[in-house]
Amino acid sequence: MSFTVQMPITESTTEMRAAFCEAMLSLAEKDERIFLLDADLMGAMGTKPFAKAYPERTIDCGIQEANMIGVAAGLSAEGKIPFAHTFGVFMSRRVCDQIFISCAYAKQNVKLVGSDPGITAALNGGTHMAFEDLGIMRTIPGVTIVEPTDIAMIRDLVPKIAYHPGVVYLRLVRRTCPVVYGDGSTFEIGKANLLRDGKDVTIIAMGYCVSGALKAAEMLAEEGISARVIDMFTLKPIDREAVIKAAAETGAIVTAENHNIIGGLGSAVAEVIAEDAPAALVRVGIDDRFGIVGLRPFLAEEFGLEAKHIAAAARKAIAKKG
Amino acid sequence: MTELERKRKTLELRAAEIRRLTLGQIHKVGIGHLGGSLSVADLLAVLYFDKMRVDPKNPKWADRDRLVMSKGHAGPAVYACLAMRGFIPMEQLDTLNQPYTNLPSHCDMNRTPGIDMTTGSLGQGISCAMGIAMACRADGRENNVYFVCGDGETQEGQIWEAAMFAGHRKLGRVIGFLDYNRLQIDGTTDDICSLESPAKKYEAFGWRTEEIDGHDVIAISDAIERARAQAEKPTMIVMHTTKGKGVPEIENQASNHNCNVNDALYAAASARLDSEIAALKEVLAQ
């Protein structure tokens, strides 16, 4: 693990899906076991170059997510390493039992890619806005859950996910993400990234909220508040050590996620601190609501996922310390 | 006796033995999925003792034929075959559903040598069979991928996703069987949600289809042979069967899906099966 943090944060010009497809192409070139499955969203996911390069290892099932997961399980049973993609709403809600039984219970080596997490579903609206996928996945025994923060991370993680045994859920934004990490950064699945040290409060963020957490820390610094920022890109298994250390050293925790505060990062962190390191906790995320249609900035404001919301939560958490 | 008659009697003997061992396993626990295990006993006799290329000494042999028991609750009948073929010791059959057993109600590829896919949530095994077939095709293998679906299971939408997938991709090495015993937990399939004409449905999805008596071992064997003679289309063999076949006390009753096997039922049914086995052995010895 060796990463650098890019400040100030800028929006990437490369889309996450392009970085994903490039990483898959490079992986497939080296390893014949790599297969890519989709349910009629290869165009949306930008993986047609993979289909063109490796037609014999591409299976576009059509709009049949349940069958796709079973086919992926069958490929895995034969020693292949299938990556299956659909939107996160379908990958979690629609095929929960297929993932549970045919993949996880059967100890398959299947990689599940759920795209358009939370507000990044934007104009597809409430039907397509996965605020629950992490909660669903987290209750399936043994599933590893990863949400890459930016293109440097997706580039590094795709091969690591391929060779991480078992079922891995990759929660992936399709379009651009703010650049947090320098080119060539490397990461370790299961190990949280300490992005900024601090002593008054710790912001534990993932995915969309990581850049907002860094901006919030800058805002808080101007007020004389020292905020630690952790990128918890692996939700499961959560880096308990990083959470416990943060709770013990800063006494106040804010979680920030593009997901329902029930079942996702906020719940996972709450479980750790309630058991092992009591601390003040405020959760930033979707307050148990369904999605609505809108562009990303509108939705971030509507659901309270921006830096200012995270900073306000940090002040609240510090006040709760008493 | 002609060669064909000998083959018939040999496979009927195997089927009777499968039924006898299935009954014994379930009696040991006291309860189990007897009806749907007995209805596929003749098919399993043909697969394990006539058609399937498998090696008990090397259960993961890459070129073996695969079997996905999509109706995973027929595990006890499959375990009987695995014991008879030497994949597992015969004594292990006594452990069905005991604590920490490697022979659970529903087939588990990680627990039992010779099981190719974990099943138990209906409708899923058929898709896994298609994934296995895709992998075997990619590896250039010419093995067959067999799967068995229940008729109640066929009410699941995923069955038809997989059927459309296999037809479209012309998975010609796939040979499926429908255990069409017309019963499910809540009654008859025709009363609950009728399959109408499953063969016609599969045909419309691009499959070769056959309809046979699922208790006629030669009919099963011949149907498989015809399926293997081509590789252009997947084949669905609709087997008309009787749920609970071979134990008249429970035959053709919806309640036999998961039923008690008490000492009295076991004594009567096992005595009959033992006599049937002895008679078949005697015929074959002549």
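This is a predicted model: local features need pLDDT of at least 70, side-chain atom pairs count only at pLDDT 80 or more; totals for chains, interfaces and linings use all residues.
**Entry 1: chain A overall**

I began with chain A and its secondary structure, which comes to 13 helices and 14 strands. Next I checked the radius of gyration: it is 19 Å, close to the 20 Å that the globule rule gives for 322 residues, so chain A is as compact as a globular protein of that length. Along the principal axes, the C-alpha atoms of chain A fill a box of roughly 60 × 40 × 40 Å. I also looked up burial, and 59% of the 322 residues of chain A count as buried. Then I turned to sequence separation. Among the contacts in chain A with a separation of 6 or more, 80% are accounted for by residues 24 or more positions apart.

**Entry 2: the two domains of chain A**

How is chain A divided by the domain assignment? The assignment gives domain 1 as 11-180 and domain 2 as 193-321. I took the C-alpha centres of domain 1 and domain 2 of chain A and found them 25 Å apart. Across the boundary, 26 residues of domain 1 of chain A are in contact with 29 residues of domain 2 of chain A.

I then asked which elements of domain 1 supply at least two residues each to the side that touches domain 2 of chain A. They are helix 7 (133-138), strand 6 (144-146) and strand 8 (178-181) of chain A. Sorted by class, this side of domain 1 of chain A has 15 nonpolar, seven polar and four charged residues.

**Entry 3: chain B overall**

Chain B has 10 helices and nine strands. Its radius of gyration is 18 Å, which agrees with the value near 19 Å that a compact globule of 286 residues would have. The box filled by the C-alpha atoms of chain B is roughly 50 × 45 × 40 Å along the principal axes. Burial in chain B covers 54% of the 286 residues. For contacts in chain B with a separation of 6 or more, residues 24 or more positions apart make up 76%.

**Entry 4: helix 1 against helix 3 in chain B**

Here I zoomed in on one helix pair. The axes of helix 1 (residues 3-29) and helix 3 (residues 41-51) of chain B come within 8 Å and cross at roughly 120°. The crossing of helix 1 of chain B past helix 3 of chain B is right-handed.

Which residues make the contact? From helix 1 of chain B I listed B:Leu11, B:Arg14, B:Ala15, B:Ile18, B:Arg19 and B:Thr22. Helix 3 of chain B answers with B:Ala41, B:Asp42, B:Leu44, B:Ala45, B:Val46, B:Phe49 and B:Asp50. By class, the residues of this contact divide into eight nonpolar, one polar and four charged.

I stayed with helix 3 of chain B to check burial: it is mostly covered, with nine of its 11 residues buried. The buried stretch includes B:Leu43, B:Leu47 and B:Tyr48. B:Asp42 is also buried, and B:Asp42 belongs to the contact with helix 1 of chain B.

**Entry 5: where chain B touches chain A**

Last, I looked at the contact between the chains. Chain B puts in 22 residues and chain A 23 residues. On the side of chain B that touches chain A, the elements giving two or more residues are helix 5 (125-138) and helix 6 (157-168) of chain B. Helix 5 of chain B gives the most to that side, with 10 residues. I noted the classes too: the side of chain B that touches chain A has 12 nonpolar, eight polar and two charged residues.

Key:
Residues are numbered from 1 along each chain as its sequence is written. Chains are lettered from A and ligands numbered from 1 in the order in which they are written. Two residues are in contact if their C-beta atoms, placed from the backbone, lie within 7 Å. Helices (H or I, at least four residues) and strands (E, at least two) are DSSP runs, numbered from the N terminus. Ala, Val, Leu, Ile, Met, Phe, Trp, Tyr, Cys and Pro count as nonpolar, Asp, Glu, Lys and Arg as charged, and the others, Gly among them, as polar. The radius of gyration is taken over C-alpha atoms; the globule rule is 2.2 Å times the number of residues to the power 0.38. A residue is buried if 20 or more other C-beta atoms lie within 10 Å of its own, exposed if 12 or fewer, and partly exposed in between; C-beta atoms are placed from the backbone. Axes are lines fitted to C-alpha atoms, for helices over the stretch in contact, and angles run from 0 to 180 degrees between N-to-C directions. A crossing is left-handed if the near helix is turned anticlockwise from the far one by less than a right angle, and right-handed if clockwise. Domain bounds come from an automatic or database domain assignment.
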